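This briefing describes the architecture of one protein chain. Please examine the sequence and the structure shown below before reading on.

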Amino acid sequence: MLQTFGSFVLFLRGMVSRTERFNVLWKRTIDEAILIGVDSVVIVSIVSAFIGAVTCVQIAYNLTNPLIPQSTIGYMVREMTILELAPTITSIVLAGKVGSSIAGGLGTMRITEQVSALEVMGINSASYLVFPRIMAALLMFPLLVILAMVLSILGGYLAGTLTNVMTAQDYIEGIRLDFVPYNITFALIKAVVFAFLVSGISSFKGFYTTGGALEVGAASTGAVTNSIIAILIADFALAALLL
């Protein structure tokens, strides 16, 4: 455990110790941002919209006390979405999509000796291959989380109004009730931390893959599993420290 953590720290140190030129890293980061962010918009949109819709319907199903105003449903959907569902569920979904892609791509480059070829040419392979992926994740995860927040609240609005669970006025009143701007900041902090964990762990697992195609698959699976566990641990730690 400690040996693996130490290897991970040395891996990150080697990544930033001798970096490539800025224009090279910038171009690589934009390319990776498209793969990580733009290509994930559809799956994040679908998941977040339906999570908001299901959350609204289930809260309404359990909220049967006539003394509790219907606007409470909108309030609870907003709080659950911003504080937990949008950043955490989105990051878990991206851990499966982006994490496996990063680990599989780097693992394939390692076993086909493309990484060794870069090192022979005097290029810091960790800086050239891994640093842009981590920076792209740090850039795109918060944007995807913001998109997930909006679509989840919108999904709850559509589900609540189309199923006649509540009126549009009650829902809007609920999502405007006692809003705390810090919750948005907290969600974005979580998104940045989760982005680093997913991209860093997946890159580490893929970069040090040895063997053949079977080991690449195992590295991708391990990257997703370890990333999800790290997300859940970090989720609890950040909630305990920042709330």
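The axes of helix α6 (residues 125-162) and α8 come within 8 Å and cross at roughly 145 degrees; axes are lines fitted to C-alpha atoms, for helices over the stretch in contact, and angles run from 0 to 180 degrees between N-to-C directions. The model is predicted: local features need pLDDT of at least 70 and side-chain atom pairs count only at pLDDT 80 or more, whereas totals for chains, interfaces and linings use all residues. Residues are numbered from 1 along each chain as its sequence is written, and side-chain values use heavy atoms, with hydrogens and water left out.

**Overall fold**
- The protein chain has nine helices and zero strands, where helices (H or I, at least four residues) and strands (E, at least two) are DSSP runs numbered from the N terminus.
- The C-alpha trace of the protein chain spans about 70 × 35 × 35 Å along its principal axes.

**Helix packing**
- The crossing of α6 and α8 is right-handed, that is, the near helix is turned clockwise from the far one by less than a right angle.
- The contact of α6 with α8 comprises 20 nonpolar, four polar and one charged residues; Ala, Val, Leu, Ile, Met, Phe, Trp, Tyr, Cys and Pro count as nonpolar, Asp, Glu, Lys and Arg as charged, and the others, Gly among them, as polar.
- Helix α4 (residues 71-111) and helix α9 (residues 213-242) have axes that come within 8 Å and cross at roughly 155 degrees.
- Helices α4 and α9 are therefore roughly antiparallel to each other (angles over 145 degrees).
- The crossing of α4 and α9 is also right-handed, and their contact has twelve nonpolar, ten polar and two charged residues.

**Annotated transmembrane regions**
- An unreviewed UniProt entry lists residues 34-61, 134-159, 179-204 and 216-242 as "transmembrane region"; such annotations may be inferred rather than shown by experiment.
- Residues 134-159 are 100% helix, with end C-alpha atoms 36 Å apart.
- Residues 216-242 are 100% helix, with end C-alpha atoms 37 Å apart.

**Largest pocket**
- The largest pocket has a volume of about 440 Å³, the volume being the space filled by probe spheres set on grid points joined across faces, edges and corners.
- A pocket is an open set of points on a 1 Å grid over the protein atoms alone, where a 1.4 Å probe fits, with protein on both sides within 12 Å along at least five of seven lines; lining residues have an atom within 4 Å of a point.
- The lining includes Met1, Phe8, Lys205 and Asn226, and the elements giving two or more residues to it are α1 (2-17), α8 (182-207) and α9.
- By class, the lining has nine nonpolar, two polar and one charged residues.

Notes
Parallel < 35°, antiparallel > 145°, perpendicular 65-115°, else oblique.
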